Number of protein chains: 2
Amino acid sequence: MVADAVVAALVSALPEGVVVTAAESMEKYRHDWAHDGTAGMPLAVVRADDAAHVQAAVRWAAEHGIPIVPRGAGSGLSGGANAVDGGIVVTTERMRAIEIDTASRVAVVEPGALNIEVKHAAAEHGLWYPPDPSSYEICSIGGNVATNAGGLCCVKYGVTTDYVLGLDVVLADGTLITLGGKRVKDVAGLSLLKLFVGSEGTLGIVTRAILRLVPAQEARSTLVATFPSVESAAAAVVEMGRRLRPSMLELMDQESINAVEDYQPMQLDRDAGALLVAQSDLPAVARPTEMAAIEDACRAAGAKELFVTDDPEEGEQFVQARRLAFPAIEATGSLLLEDVGVPVPLLPVLLAEIATIAGRHRTRIPTVAHAGDGNTHPIIVFDPTDADAAARARLAFDDIMAAAIALGGTITGEHGVGRAKKGALPDQLGPEVMALTRRVKDALDPLGILNPGAIL
Amino acid sequence: MVADAVVAALVSALPEGVVVTAAESMEKYRHDWAHDGTAGMPLAVVRADDAAHVQAAVRWAAEHGIPIVPRGAGSGLSGGANAVDGGIVVTTERMRAIEIDTASRVAVVEPGALNIEVKHAAAEHGLWYPPDPSSYEICSIGGNVATNAGGLCCVKYGVTTDYVLGLDVVLADGTLITLGGKRVKDVAGLSLLKLFVGSEGTLGIVTRAILRLVPAQEARSTLVATFPSVESAAAAVVEMGRRLRPSMLELMDQESINAVEDYQPMQLDRDAGALLVAQSDLPAVARPTEMAAIEDACRAAGAKELFVTDDPEEGEQFVQARRLAFPAIEATGSLLLEDVGVPVPLLPVLLAEIATIAGRHRTRIPTVAHAGDGNTHPIIVFDPTDADAAARARLAFDDIMAAAIALGGTITGEHGVGRAKKGALPDQLGPEVMALTRRVKDALDPLGILNPGAIL
C-alpha cells in the first residue's frame, strides 16, 4: 500500500492540474481499446505538458519503486496502455506541438500529436508522412512509435521505424536523452534510436520525435477485384509480390464484406469469396501500366469482377469500406482482434488455417488483411454474455497465433505484444531471444518500473 | 601472455585449415582499409565455414577471456576490423551462400557474400537489392550489416537496416539466435534485430541475413550539372530536397573533379566549382517530368552547364567518375577519409567550414558527397613522409568532425565509428547516451570480448 504522503509528493512536484487522482477522472485512462477487464486502477494519472513533467513523474516513481504505464491516445489494441494497480499512468495527450521543417523535410512532433494532425501539417507544405494505421484519425505519434505502427501504405512505404530520425526519451531514472536528429543518415554508435521504436513503453518514454517526410503522394488509381475464394485472392497477392509495388494491397474475406454491407451498404458483392483493393500511386502517365499489371495478376488468379477507377474519391470509398470492417464487425458482438503475419507466399495457407480454427471452435472469424505484407487481422467475434463462446474465442485467439508461428510468422505485425499477447511471445521468440530481451530490459530499466507486464 | 596450449585448443576444436596461426598468413587479416598503423597481431585467425565454427571460436574466446575481432571483406574505412594484440580474428569470408526466394522476395545470405554478388543473384530473378556502398564490388554483406552501410541510391531507397528482415547472430557466450525472418512486418518483442545492425561487431557476430528485395530498378536518366561554387551546387540540392526524390544525387568539388581528370581523363570541366550527378529511375514515361524538375532546380541555383542523357551507359560513366574520386585522390598522397553528415539545408555551411579547415591546417581536402542525404566525404590528403603534414591532416580530421557536430550533424553517416572515430563519439552523443551505450554493451557482452576498442 502506497502512503497518501507519497502520492501527495507527486501532486506537489508538478503544476496544478497535471496530476489527477480522483477515481472518476482516472477511469478513462485505465484501458486502451483492447478493453481488457483485468486493467488496474492507478494511484494517479500524470497529464504531462512537457518533457520536464515526464521526468519529474519518472524520478518520483523511481524513488518509490512505483510502476509507470505510459499512454498516448489510448487507441492501442494489445492492452499495452492498460493501467496497473498501485502504479501511475503518464499520458502525453497534452503534448501536441508539430513543427514542419521543409528544408530538412522533417516534422518535429510531440508524442500526443495525432497521426492525422502530422499528415495535415505536412500536407500544408506539399509533404507527406506515410505511416497510416487504420486508426490514423485517433492514434498518436507516441503510440505509433511505441508500437512501430504499420498501416495500409506500408506495403510500399514501410512502417513507423523507417520514418523516425530522432527521439527524445525519458529513461527509467528520469534522464532525458536525445537520439538522432534532422540528419538523414547517421551510424555513430549503437542503433539505440531503433531500439526504442516498438519498445511499447518498456524502455523509456518518448517526449519528442523527428519524423522523415517525403514529397506529397501522387493521386492514386484504385482497383477492386472480387474472387471466388480467399485462396484465389491470396494467390493474386503472391503473384503481385514477385514483381510489382502497389501502394496499397488490402484483402477482405466474405464475412467482412457482408459485415460492412450490413453496417453501411456500399454495393459490395456479398457472394464474393474475397475482395482485394489495390492502388498505384505512380505519376499519372505511368500509372496505367502498373494498374494493367495489377489487373492481369488478378485475372490470372481467377478474379470474378474487376473495377478500376482513376477518381481518387471513388477509390477512397473502397478503402473506406476496408477501414469500416472493424467497426462493422464490432457492431455484431465482442471482438478479439488478431494481428498475425506470415511470409507473403504463405498467406493462402494462413487464411485456410484461420477458417479451420473458426470451424474447430465454432466461432465467427471474419478476416481482413494488409495482404501485400502478409499481415492479417482475423477478427474473432463472440457473444459476451455467453461464457462458453467467450472461452472458445479465447482458444481461437491462441490457436491463430500458434498457426502463424508454425508458418514462420509473427503473433503481431503492427499492434504490439502489450499485455494481450505476452503469453505467446516466448513461443515465437524462443528462450534465448527471450533471455536477451530480459537482459536489455534489465539494463535499461533495472527497477522494472516502466510498463511492467507489457511484452515481458 | 596466452599459453600455446590455449591456442592449440582452438586449433583442435575446429576442422583442419579453419584456424590460421602463421604470422605471414595472418598479415592480410590485420587491417581494414583504414590502414591504421596501430593494428595488432592476432593469436589466430578463424576462417569460419559456418555458424558452428563461429560458435566454437566464440565459446573458446569466452572461456579464456580473449578478444574477438569479427571481419567481413576487410573493406571497412574506420578500423573496425583491425586486429587486436592477443586476440583472434573471426572472418566470415568463406561463408558466401546466397539463396533468392522470389515468392517471399528476399535473399537469404551468408555474411561473406559480397554486395555485388547479392545484386547479381537478385537480378537473375528481376529483383534488386538497393544498398550500394561505393565499394559494392568488394564489400561483404556482413560488413554492410555491421556498419549499416549506405551508398549512392539511399537518398531514395534507404540504407542497409531498411532491408534487413532477419539475422542469425552468435552472441558473446556462443549462443546462436535467430531474429526476424521472411515476414515483412513483425513487432513481436523489442527491436533487437535493428540493434544488431550497425553494432560493428561489438554485440554479436552475424552468420546469416535475410534481406528484403524490390522489383528491378527501371533504367535511369542522368543529369550532370556544373556550378560556379560548391555553395551554389549545395543550394540546388537543398531545393530538390524540398519536393523531389531523385534516385541519386552526388556532388564533387573542384579538387575532386581535377583529381579524377588527372587520374583518368573524362572531359569533366576542370574549371567548375562543383559538379552534381543526379538520376531519376521513374518509369520511362514519367521520367522526363522529374528530370525537368531536377534541371530547373539546378538552373535556378546557377548551374553553368547541364547535360542530360537517357542512355544508361553514358549515365553510368558519370557515376563512375564520382566513384573514381577516392582512388584518384589516393594516387596523390596518403588519405584520411571523412564521413560526416549534417541536415541537408546545412550542407552549404558544412562545405564552407571544410574549406576553412583546409586553409587553417594547410591541407588539401577535396570533397565528394552523397549530397541528397547531407552525407559528405571530405578526403584529407597528405604526404606520409612529412610528419608535420600528417599531424596537420590529423587536426583537420578532428576539426571536421567537430564542425559536423556543431551543425547538429554526425561524425559518421555510413562508414561506422570503428577505432578511427571513437575519440569523437562522446562529443556527438554526450555522456548520457554514452552511458546508455555502455549499459547495452555490458548487458550483451559482459566480458567485453567482442571487438573491444571499436565504438567504445
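Author: Contact here means heavy atoms within 4.5 Å, and the model we shall read with that cut-off is a predicted one.

Reader: With that in hand, which residues does A:Asp281 touch, not counting residues up to four places away in sequence?

Author: Leaving those sequence neighbours aside, A:Asp281 touches A:Lys156, A:Tyr157, A:Gln217, A:Glu218, A:Ala219, A:Arg220, A:Ser247, A:Arg287 and A:Glu290. The residue itself sits in the loop between β14 (274-280) and α10 (287-300) of chain A. Two of the touching residues are also partners in side-chain polar contacts: A:Tyr157 at 2.5 Å, and A:Gln217 at 2.8 Å.

Reader: Is A:Asp281 buried or exposed?

Author: A:Asp281 has a relative accessible area of 5%, and because buried means under 20%, A:Asp281 is buried although its place is in a loop.

Reader: How should I read the size of the interface between the chains, and what area is buried between chain B and chain A?

Author: The size of an interface is often given as the accessible area lost when the parts come together. Between chain B and chain A that area is about 6000 Å², with carbon and sulfur atoms giving 64% of it. Of the area that chain B buries against chain A, B:Lys185, B:Val187 and B:Leu190 supply 14%, more than any other three residues. In terms of residues, the contact takes 82 from chain B and 81 from chain A.

Reader: How many salt bridges and polar contacts does the rule find across the interface of chain B and chain A?

Author: There are 4 salt bridges across this interface, together with 24 residue pairs in polar contact, both residues being at pLDDT 80 or more. Among the elements that give two or more residues to the side of chain B that touches chain A are β9 (176-180), α8 (230-243) and α14 (425-444) of chain B. The element that gives the most to that side is α14(B), with 11 residues. By class, the side of chain B that touches chain A has 40 nonpolar, 26 polar and 16 charged residues.

Reader: Which residue forms a salt bridge with A:Lys185?

Author: One partner is B:Glu414, whose closest approach to A:Lys185, N to O, is 2.7 Å. Salt bridges that share partners join A:Lys185, B:Asp373 and B:Glu414 into one network.

Reader: Where in the chain do the partners A:Arg208 and A:Asp168 lie?

Author: Their side chains meet in a salt bridge at 3.2 Å, N to O. A:Arg208 is in strand β10 (residues 205-212) and A:Asp168 in strand β8 (residues 164-170) of chain A, so that the pair links distant parts of the chain, 40 residues apart.

Reader: Which helices hold B:Arg360 and B:Asp399?

Author: B:Arg360 lies in helix α12 (residues 347-360) and B:Asp399 in helix α13 (residues 387-406) of chain B, so the pair ties together parts that are 39 residues apart in sequence. The salt bridge between their side chains is 2.8 Å, N to O. B:Arg360 is partly exposed, with 47% relative accessibility, and B:Asp399 is partly exposed as well, with a relative accessible area of 24%.

Reader: How many disulfides does the rule count over all chains?

Author: The count is 0. For A:Cys153, the nearest cysteine sulfur is that of A:Cys154, 6.3 Å away, and a disulfide would need the two sulfur atoms within 2.5 Å. A:Cys153 is buried, at 3% relative accessibility.

Note on methods: Residues are numbered from 1 along each chain as its sequence is written. Chains are lettered from A and ligands numbered from 1 in the order in which they are written. This is a predicted model: local features need pLDDT of at least 70, side-chain atom pairs count only at pLDDT 80 or more; totals for chains, interfaces and linings use all residues. Side-chain values use heavy atoms; hydrogens and water are left out. Buried area is the accessible area (1.4 Å probe) that two parts lose on being put together, summed over both. A polar contact is a pair of N or O atoms within 3.5 Å; within protein, one must be able to donate a hydrogen and the other to accept it, and residues adjacent in sequence count only if both atoms are side-chain atoms. Helices (H or I, at least four residues) and strands (E, at least two) are DSSP runs, numbered from the N terminus. Ala, Val, Leu, Ile, Met, Phe, Trp, Tyr, Cys and Pro count as nonpolar, Asp, Glu, Lys and Arg as charged, and the others, Gly among them, as polar. Buried means under 20% relative accessible area, exposed over 50%, partly exposed in between (1.4 Å probe, protein chains only).
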